[in-house]
Structure formats: C-alpha cells, structure tokens
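Hello,

I am handing over the structure we talked about. Please look through it alongside the notes below.

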Amino acid sequence: WLINADHTPIAVAANTPAVAFVPPPDLIVCHVLEAWWNEEALTVRMPGELNNTFGPRWTVATGTPSDATQTNDRELRLVRIPTIAGTLNMRVAYKPTRDAVGIEERVYEDHLEDIAAGALARQLVMTGVPWANAQLGAFHLGKFEDAIVKTRHSVQKGFGRARPRVVRNDF
C-alpha cells in the first residue's frame with residue numbers, strides 16, 4: 001500500500017546537495033510527488049532527465065535550486081546546490097518498511113474487506129485442518145486478487161508507479 005502525505009518541512013543548510021528524508025516510524029518515502037524550495041516549486045525529475053537537460057555537471061552546479069531528483073528511498077538531491085540555507089517542503093508517497101508491524105488506519109479502513117478475503121483464502125487452503133475448503137478458498141482468493149487489480153488501477157491513474165498486472169490469455 002501507499003499513502004500520499006505532506007512530509008515534515010526540512011531545514012537545509014547552505015551547500016547541502018542531498019537532503020535526507022525524515023519519514024514517520026515504520027514508513028519510507030517511495031516517491032516524491034512534489035517539492036518546494038522556500039515555497040518556490042521545484043521540478044522533480046529522474047536522474048537521466050537531468051543529464052539531458054543540464055548536462056553532466058548538474059551534480060556540482062550551485063545557486064537557487066530549480067529541480068530535484070530522488071536518488072533512493074532515503075534522500076532527495078537538489079539540482080543547483082543551494083548557496084543559502086532554506087526550507088524544503090515535499091508531498092510524498094510513503095510505503096511501509098520491511099519490519100513495520102502496523103498498518104496506517106485509513107488504509108485499513110479502505111481495504112478491510114479485501115485484507116480479510118486474502119487472509120481467509122490462505123486459511124481455507126491449508127491442508128490437514130478441519131476448516132479446509134479449497135472451493136471457498138479459491139472464491140476468497142479471487143475476491144482478493146480482484147481488489148489488488150482495482151487498487152493497482154487506481155494507483156496508476158492517480159499517484160504512483162505501480163506496474164500493470166499482466167495476465168496471459170490462452171486462445
């Protein structure tokens with residue numbers, strides 16, 4: 001799951017090219033959607049785009065940041081290293097860390113029935129237990145997979161980079 005939210009504003013010192021994200025506990029930044037330097041919008045680009053637009057020296061150029069690129073899930077790189085201190089604001093998509101033990105409440109509320117269908121499907125296809133029922137398990141697995149497709153479609157239309165689900169059609 002992903003959740004869009006405003007990242008806590010980050011104070012950035014002068015001559016700081018990369019800014020570390022400070023996400024809430026159990027979350028990491030998977031995608032920067034929008035960014036602002038001192039309330040001026042930055043263009044968020046892919047690193048390859050920056051090479052094409054600014055040439056290879058974009059990593060050492062200084063001045064007022066105009067663009068930014070997300071190099072990994074831990075930091076944002078400013079294009080034109082700021083010569084004065086400033087504030088970075090961002091709208092980001094968060095995802096849970098691998099060791100997260102909780103779930104965002106609104107994600108739970110939006111997907112309660114779907115999560116339950118997936119859990120029930122796994123339990124119903126267990127072998128050697130009195131509650132096993134392969135047909136009912138297949139039914140709940142179908143509901144769960146339909147919910148995944150529906151959610152992935154909404155992600156693609158809205159705010160993310162989820163891969164499209166591809167299913168082979170046998171003719």
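Here is what was found in it.

This is a predicted model, in which local features need pLDDT of at least 70, side-chain atom pairs count only at pLDDT 80 or more, and totals for chains, interfaces and linings use all residues. Residues are numbered from 1 along each chain as its sequence is written, and side-chain values use heavy atoms, with hydrogens and water left out.

Overall make-up. The protein chain has three helices and nine strands. Helices (H or I, at least four residues) and strands (E, at least two) are DSSP runs, numbered from the N terminus. Along the sequence the pattern is β-β-β-β-α-β-β-β-β-β-α-α. Of the 171 residues, 27% are buried (under 20% relative accessible area, with a 1.4 Å probe and protein chains only). Take the contacts in the chain with a separation of 6 or more: 63% of them join residues 24 or more positions apart. Contact means heavy atoms within 4.5 Å. The accessible surface is about 11300 Å², and carbon and sulfur atoms hold 53% of it (Shrake-Rupley method, 1.4 Å probe).

The sheet. Seven strands form an open sheet with mixed pairing, in the order β1-β9-β3-β4-β6-β7-β2. Strands pair if DSSP finds at least two bridges between them. β1 (3-12) and β2 (18-20) are the edge strands; each has a single partner strand, so one side of each lacks a neighbour in the sheet. From one strand to the next, the twist averages 35°. Axes are lines fitted to C-alpha atoms, for helices over the stretch in contact, and angles run from 0 to 180 degrees between N-to-C directions.

Around β3. Strand β3 (residues 27-37) pairs with β9 (residues 86-96) in the antiparallel sense, over nine bridges. Leucine 27 stands opposite proline 96. Tryptophan 37 has leucine 88 as its bridge partner. β3 also pairs with β4 (residues 40-44), again antiparallel, over three bridges. There, alanine 35 is partnered by leucine 42. β3 and β4 make a hairpin with two residues between them, and asparagine 38 in the turn has a positive phi of about 50°.

The helix on the sheet. Helix α1 (residues 47-54) lies across β6 (67-70) and β7 (75-79). Its angle to β6 is about 150°.

Glutamine 70. This residue sits in β6. Its side chain reaches the backbone nitrogen of valine 32 at 2.9 Å and the backbone oxygen of valine 29 at 3.5 Å. Beyond neighbours within four places in sequence, glutamine 70 has contacts that include Phe21, His31, Arg45 and Leu76.

Best wishes

Note on methods: Polar contact = N/O pair within 3.5 Å; in protein donor to acceptor, adjacent residues only side chain to side chain. Buried < 20%, exposed > 50% of the residue type's maximum accessible area, 1.4 Å probe, protein only.
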